[in-house]
Amino acid sequence: GGGVDFANMMRFNRSFIARIIQSTDDQKKYYGEVRNALLSYRKVNSNIAWGAERFHKGRETIARFKIRGKTLVLYLALDPQTHEISVYHHKDVSDNKSVAGTPMMIKIKSPRGVKKAIRLIDEMLAAREGIKRNVPERDYAAMYPYESMEELIEDGLVKDVRKNK
């Protein structure tokens with residue numbers, strides 16, 4: 001009830017939305033806070049693909065959200081060398097082609113992690129002349145209530161990739 005089904009994890013290809021639906025209410029809250037922080041800037045939009053959510057300002061990708069296992073991961077278009085690792089606990093993923101343009105990876109697991117992520121977002125968009133505006137808060141826990149794997153397959157949010165179907 002509300003957890004990840006590890007027995008079936010390798011049998012199914014779960015989309016980003018499916019991962020959000022099956023995450024805990026705390027993770028949905030963290031996701032909502034960071035997402036609203038990004039979208040509170042003018043000309044910042046988001047695209048949700050199968051495996052991730054991408055945020056862009058104009059044509060430049062400035063951030064990506066992924067969910068790896070039970071962890072919410074944010075990739076930012078900041079130089080990882082210019083930030084203190086002991087403060088942000090980030091990782092340099094500039095050699096990973098799938099996240100090209102967003103070389104700084106931070107894991108968000110707590111309210112403090114959310115605050116640090118928002119601080120980095122504000123710093124990143126201040127350097128890009130971002131103009132902040134007010135956006136309505138959304139309750140992502142209510143928007144994406146928990147659904148079982150069967151319901152998600154029915155909705156087309158999970159693909160069954162078992163070898164012997």
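**Close-up views of a predicted model**

**View 1. An open sheet.** Here 6 strands make an open sheet in the order β2-β3-β4-β5-β7-β6, with antiparallel pairing. At its edges sit β2 (44-48) and β6 (91-92), each pairing on one side only. A strand is a DSSP run of E with at least two residues, a helix a run of H or I with at least four, and both are numbered from the N terminus. Two strands pair if DSSP finds at least two bridges between them. This is a predicted model, where local features need pLDDT of at least 70, side-chain atom pairs count only at pLDDT 80 or more, and totals for chains, interfaces and linings use all residues. Residues are numbered from 1 along each chain as its sequence is written, and side-chain values use heavy atoms, leaving out hydrogens and water.

**View 2. Strands β4 and β5.** Look for β4 (residues 60-68) and β5 (residues 71-76), antiparallel strands joined by 6 bridges. Lys66 has Val73 in β5 as its bridge partner.

**View 3. Lys107 in its strand.** Lys107 belongs to strand β7 (residues 104-108). This lysine, Lys107, is partly exposed, with 41% relative accessible area. Buried means under 20%, exposed over 50%, and partly exposed in between (1.4 Å probe, protein chains only).

**View 4. Two residues with positive phi.** Most residues other than glycine have a negative phi. Lys43, however, has a phi near 70°; Lys43 lies in the loop between α2 (25-39) and β2 and is exposed at 61% relative accessibility. Glu129 has a positive phi of about 55°. You can find Glu129 in the loop between α4 (111-127) and α5 (140-143), exposed with a relative accessible area of 64%.
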